[in-house]
Amino acid sequence: MLTIFSKQQQISYKAYLISKATLFRVLCVSITVVAPLIISARIGRGLWIRESTFREQPISSLTGNYLVELSTSKSVISWNTFTSQSDSRNSNIPVLKTYYNDHNNDGRADEVYLEWLFSLNDNVHSVNIAAEMMYDIRIMQDIKFRGLLTAHHSSLSSLSAIEISGDSAFVQRNPILATGDDFTFNKKTLNTVYSLVDDLETYFNRNYTAKLINTNIIPQRGQSNEFTIKFKIRLPEQIIYYKPGFYEELKSGIVNYVSFLVVFIYSFKQIQTYMFERQSST
C-alpha cells in the first residue's frame with residue numbers, strides 16, 4: 001500500500017497563567033534544565049575539569065654535571081663537575097664515557113649510558129651518584145628544567161664494580177599550565193659540594209623535579225686497582241598533569257551537561273504527553 005496523503009495533527013493545550021497545568025509545565029522545564037546541571041556537577045570529575053593528563057616523552061640530555069662519592073676503608077673520594085671550586089677530598093679524576101640510544105629513531109633518546117672508571121689503591125664500600133639532566137616538555141606548556149637523578153649503594157664487603165639502572169620519572173606537586181613557557185628551574189641543581197644538603201632540600205621542594213625509580217643495582221664484590229661504575233638511565237614516556245584552558249573546560253562542561261540534558265528532555269516530554277493527554281481524555 002502507498003501513502004498518498006498524510007497530515008500531522010497538532011494538539012494545543014491552553015491554561016490560565018496561574019493554574020495547576022502552568023505550574024506543572026514550569027516545574028517540568030525547570031527540572032529538565034537544572035537537574036542535568038546538578039547531576040553533571042556531582043558525578044565523576046564534575047562539570048568543569050580541574051586537571052587533566054597527557055603523555056609525552058620529554059627531550060632529555062645530560063648537562064655534563066655529575067657528582068660521584070666513594071667511601072673507602074681509609075677515606076672518602078669525591079669527584080664532581082658542578083663547580084670548579086677545589087675539594088680537599090677530590091683526589092681522583094675518573095675516565096668518563098657517555099652515549100645515548102634511540103631505539104625507535106624518533107629523535108628522542110630512550111636510554112642514556114654513563115661509565116666511570118676510577119684508579120684506586122683502596123677498597124670501596126659505599127657509592128653515591130648524582131647526574132644532572134636537561135628535560136624539555138612541549139605538548140602543552142613549554143617547560144625546560146634540570147633534574148637530578150641520584151643513586152646510592154653500600155656494602156660491608158669490598159666492591160670492585162657496580163651497575164645501576166633505573167627509569168627517569170617526572171615528579172610534579174601541582175599541574176602545569178596548558179599554555180605559556182616556564183624556564184624557572186632551568187638552572188644548576190647543585191652549587192657546591194659544601195651546600196649539598198641545602199641544595200637537595202631546595203631541589204625536592206620545587207614544583208616539579210625528576211627522580212630515578214625502578215632502580216636495579218648489581219654490585220660486583222672483590223678487590224681491584226680499578227673501580228667501575230655503570231649507570232643506565234631509561235627515559236620512558238611520562239604521564240603529565242596539567243590545568244586545562246578555558247575553551248577545553250567549556251567544551252568538557254557542555255558535553256557533560258548535554259549528555260544528561262538529552263535524557264531529561266526525552267523523559268519529561270513523555271511525562272508531559274501522558275499527563276496532558278490523560279487530562280484531555282477525562
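Trainee: Which residues touch Ser160, leaving aside its neighbours within four places in sequence?

Mentor: Ser160 is in contact (heavy atoms within 4.5 Å) with Gln220, Arg221, Gly222, Ser224, Glu226, Phe227 and Thr228. Residues are numbered from 1 along each chain as its sequence is written. This is a predicted model, where local features need pLDDT of at least 70, side-chain atom pairs count only at pLDDT 80 or more, and totals for chains, interfaces and linings use all residues, while side-chain values use heavy atoms, without hydrogens or water.

Trainee: Why is Ser160 called buried?

Mentor: Its relative accessible area is 16%, and buried means under 20% (1.4 Å probe, protein chains only). Ser160 is therefore buried.

Trainee: What makes up the lining of the largest pocket, by class?

Mentor: The lining has 7 nonpolar, 4 polar and 5 charged residues. Charged means Asp, Glu, Lys and Arg; nonpolar means Ala, Val, Leu, Ile, Met, Phe, Trp, Tyr, Cys and Pro; the others, Gly among them, are polar.

Trainee: How much space does the largest pocket hold, and which residues are closest to its centre?

Mentor: Its volume is about 590 Å³. Tyr13, Arg25, Gln272, Thr273 and Phe276 are the closest to its centre, out of 16 lining residues. A pocket is an open set of points on a 1 Å grid where a 1.4 Å probe fits, with protein on both sides within 12 Å along at least five of seven lines; lining residues have an atom within 4 Å of a point. The volume is the space filled by probe spheres set on those points.

Trainee: And how much space lies in the second largest pocket?

Mentor: About 230 Å³. Of its 13 lining residues, Tyr113, Glu163, Lys230, Phe231 and Lys232 are the closest to its centre.

Key. Buried means under 20% relative accessible area, exposed over 50%, partly exposed in between (1.4 Å probe, protein chains only).
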